[in-house]
Every structure is written in C-alpha cells, then in structure tokens.
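Hi,

Here is the structure I promised to pass on. Have a look at it first, and my notes follow below.

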Amino acid sequence: MLMKTAREQIVIYGNRMITDGLTVGTAGNISVYDPETGYMAISPSGIPYADTRPEDIVIMDLHGNVVEGDKKPSSEFLLHSAFYLADIGAQAVVHAHSMYCTTLACMGEPLRSTHYAIAEAGIDILPLVPYHTFGTPELAQATAKALKSGGRGVILANHGMCASGASLKNAYGLALTMEWCAQVQWRCMCTGKMNVLSKEEMDVALEHYKTYGQAKSEGSPVSGYNG
Ligand SMILES: [Zn+2]
C-alpha cells in the first residue's frame, strides 16, 4: 500500500475537522504530498469522515491520474495539486467550508491582518480567490494565481478556505488559525470598527514568526503558539 502513514493521517485529521468544527458532513478534503514520488494521497469523494478507512484514500499524481485506490478521489484534486505545483513548499493541504472563513468568502472579503496571528500563513493578507465552480480547472488556476503572492492559504469566494503546510500537522494548525482570525475579523466588521495592522507592523510580526520555530510546527493560537 502506497503512502500508508499519509493515509492514516488523513483519516485522523478528517475526523478532527468534524470535532474541531472546521466542517460538517462530507464537505472539505485533505491531502498529503510526497515530493520524492510526486504522488499525493487525497481523501475520497462523498464518504463521511467517520466512515473513511486508510484504504479508501486515493493516491494520485498531480495531473489527475489515479495511481492506487478504487474509490473516486475528492472532486477538488486539482485545487490540491495547485498548492503542490506552486513554489511554497506545501506537503499537505486542508480544504474546509469552515463557518467564519466561509462567511468572509461569501462577503467577498480576504482574510486581513486584524490580528497578528495571521502571520503564521507567511503573509499579511490571505487573498480572496475569485469564484469559480467547485472542482473545476478554473478554480485551480485562479488559486494558483493567488498563491503567487507567497502565502500558505487562501479564501475561496462563495466557497470556503484552504491552508497548506510542510506537514499535515502544520497545514491543519494554519487552518485553525485562519478560522480563528476570520472569526475575529467578522466580529470586528459586525461592530463597524476594525483596526487592521499596518504593513510595517505585519512585516515585523512575519519576521518574528520566522524566528520562533514553534509557531510553524505547533500551528495555532488555539493549540500552540501564543506569544
Ligand atoms: Zn469545497
């Protein structure tokens, strides 16, 4: 069985997406990439996370070809591939329809630097990818374009969010941080008063995140970094 550990991780983190409230039902999907083989392991389409077994995970190349597995892969395999083909060092991607990131997505809002913790994404503003139908090459292409800004995550207009990282733990931690920051931003917007940090302040925060390795490995203000 190819990518056994990655398959097991995807099952574990898929269940965590439900218990952490990052998604409901079968929405969202997770992948892990192996740069040595050029293969990614990705969650199957339409199977509830609680029912997904490691053998249900599909192994694919980045061009849509199934290498191993008898299930249909997630319809967003091209979206995941866009992260691995971008030059951002991604080896895992979490895609979710989490409530607050999706709220911003439906307001046509990027994820702004209302709170410095967004620096975990390696950028001061996480871009809003223009709307395209889910599962289409157009959505993947628009995401690839947005990733040129250098950040590790995006908001997908009228759809949801994606977070990537050098490991699944890392990508998942960023997904939690993005969701927390999105909730803060949404709450600020509700009051009509939002103080977004300046580019200069965010540059300083971004430098600090580079220095503090824990920030990258542990992930989120919820589970780890709270400097
Ligand atoms: Zn989706």
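Helix H2 (residues 77-85) is largely enclosed by the rest of the structure, because eight of its nine residues are buried. Buried here means 20 or more other C-beta atoms within 10 Å of a residue's own, exposed means 12 or fewer, and partly exposed is in between, with C-beta atoms placed from the backbone. The buried residues of H2 are Phe77, Leu78, Leu79, His80, Ser81, Ala82, Phe83 and Tyr84. Their cover includes helix H4 (137-147) and the strands S1 (29-34), S2 (39-42), S3 (58-61), S5 (92-96) and S8 (160-165).

Before you go further: this is a predicted model, where local features need pLDDT of at least 70, side-chain atom pairs count only at pLDDT 80 or more, and totals for chains, interfaces and linings use all residues. Residue numbers start from 1 along each chain as its sequence is written.

As for the whole protein, there are seven helices and eight strands; these are DSSP runs numbered from the N terminus (helices: H or I, at least four residues; strands: E, at least two). Buried residues account for 47% of the 227 residues. The C-alpha atoms fill a box of roughly 50 × 35 × 30 Å along the principal axes.

One more spot to look at is Asp203, which sits in helix H6 (residues 199-211). Asp203 counts as partly exposed because it has 13 C-beta neighbours inside 10 Å.

Cheers

Key. Two residues are in contact if their C-beta atoms, placed from the backbone, lie within 7 Å.
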